[in-house]
Amino acid sequence: METCPCQSGLYYEECCGSIHKDFKKATGPESLMRARYSAYVKNDINFIIKTHHPEKVDGFDQTEAEDWASESEWLGLRILESSEQKNEGEVLFECTYELDDKTHLHRERSTFKKWKGDWYFFDGRLESTSKKRGGPKIGRNDPCPCGSGKKFKKCCH
């Protein structure tokens, strides 16, 4: 069995796969965010469209999303913050991917809203990825400092 691309540590079929196949619903904003990331990794753009809030789906460019998903090598997802109120929530996340032989870091604060009992992506705002470096630079092929045993580019980068 393959592990889930959302890096939850669970198997895909038990995690995002069961949400993608409608066996279970996303339990909150973070759960839906993880499932949407995994859908990009799996190039399941129909799931991305299906989980866009009905008020926002008109502005979605399916062809652009399909191209981005299929042309990228998805390297990882990190949830930095997650909050949930009654019918609304936010998730700040970073995902790393390679495209055109360059590594990119996508950092976004996404808003989710409940509609008819289910969670939907409402909108997202890109956030700055500039950080002050607290130590020596870690190379992409160096071991990840988190101790996972993976290369940095495949883990926390």
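**Figure 1. A hairpin joins β1 to β2 through 3 residues.** The model shown here and in the other views is predicted. R78 has E94 as its bridge partner in β2. E73 pairs in the bridge pattern with E98, also in β2. Strand β2 spans residues 88–99 and is mostly covered, with 10 of its 12 residues buried.

**Figure 2. The hairpin of β2 and β3 has 2 residues between the strands.** Here 12 bridges join β2 to β3 (residues 102–115). This pair, too, runs antiparallel. V91 stands opposite S110 of β3. D100 sits in the loop between β2 and β3, where its phi is positive, near 55°. D100 counts as exposed because its relative accessibility is 64%, against a cut-off of over 50%. In sequence, D100 and E71 are 29 residues apart. In space, their C-alpha atoms are 8.2 Å apart.

**Figure 3. Four strands form an open sheet in the order β1-β2-β3-β4.** The pairing is antiparallel. β1 and β4 (118–126) stand at the edges. Each has a single partner strand, so one side of each is left without a neighbour in the sheet. From one strand to the next, the twist averages 25°. Helix α2 packs on the sheet and touches β1, β2, β3 and β4. The direction of α2 makes about 165° with that of β1. Helix α4 (residues 62–71) also packs on the sheet, with contacts to β1, β2 and β3. The direction of α4 makes about 55° with that of β2.

**Figure 4. S31 lies in helix α2.** The helix runs over residues 29–41. A polar atom of the S31 side chain lies 3.3 Å from the backbone nitrogen of T27. Leaving aside residues up to four places away in sequence, S31 touches I19 and A26.

**Figure 5. E2 and K42 form a salt bridge.** The structure holds 12 salt bridges. In this one, the closest N and O atoms are 2.9 Å apart. E2 lies in the segment before α1 (16–20), and K42 in the loop between α2 and α3 (45–50), so the pair ties together parts that are 40 residues apart in sequence. E2 counts as partly exposed, at 43% relative accessibility. K42 is also partly exposed, at 32%.

**Figure 6. E13 forms a salt bridge with K21.** The closest N and O atoms of this pair are 2.9 Å apart. E13 has a relative accessible area of 38% and is partly exposed. K21 is partly exposed as well, with 41%.

**Figure 7. A salt bridge links the side chains of R109 and E90.** The N to O distance is 3.5 Å. R109 belongs to strand β3 and E90 to strand β2, so the pair ties together parts that are 19 residues apart in sequence. R109 is buried, with a relative accessible area of 13%. E90 is partly exposed, with 27%. Salt bridges that share partners join R78, E81, E90, E94, R107, R109, R125 and E127 into one network.

Conventions
Residues numbered from 1 in each chain as written. Predicted model: local features only at pLDDT ≥ 70, side-chain atom pairs only at ≥ 80, totals over all residues. Heavy atoms only, no water. Polar contact = N/O pair within 3.5 Å; in protein donor to acceptor, adjacent residues only side chain to side chain. Contact = heavy atoms within 4.5 Å. Buried < 20%, exposed > 50% of the residue type's maximum accessible area, 1.4 Å probe, protein only. Pairing = 2+ DSSP bridges. Axes fitted to C-alpha atoms, helices over the stretch in contact; angles between N-to-C directions. Salt bridge = Lys/Arg side-chain N within 4 Å of Asp/Glu carboxyl O.
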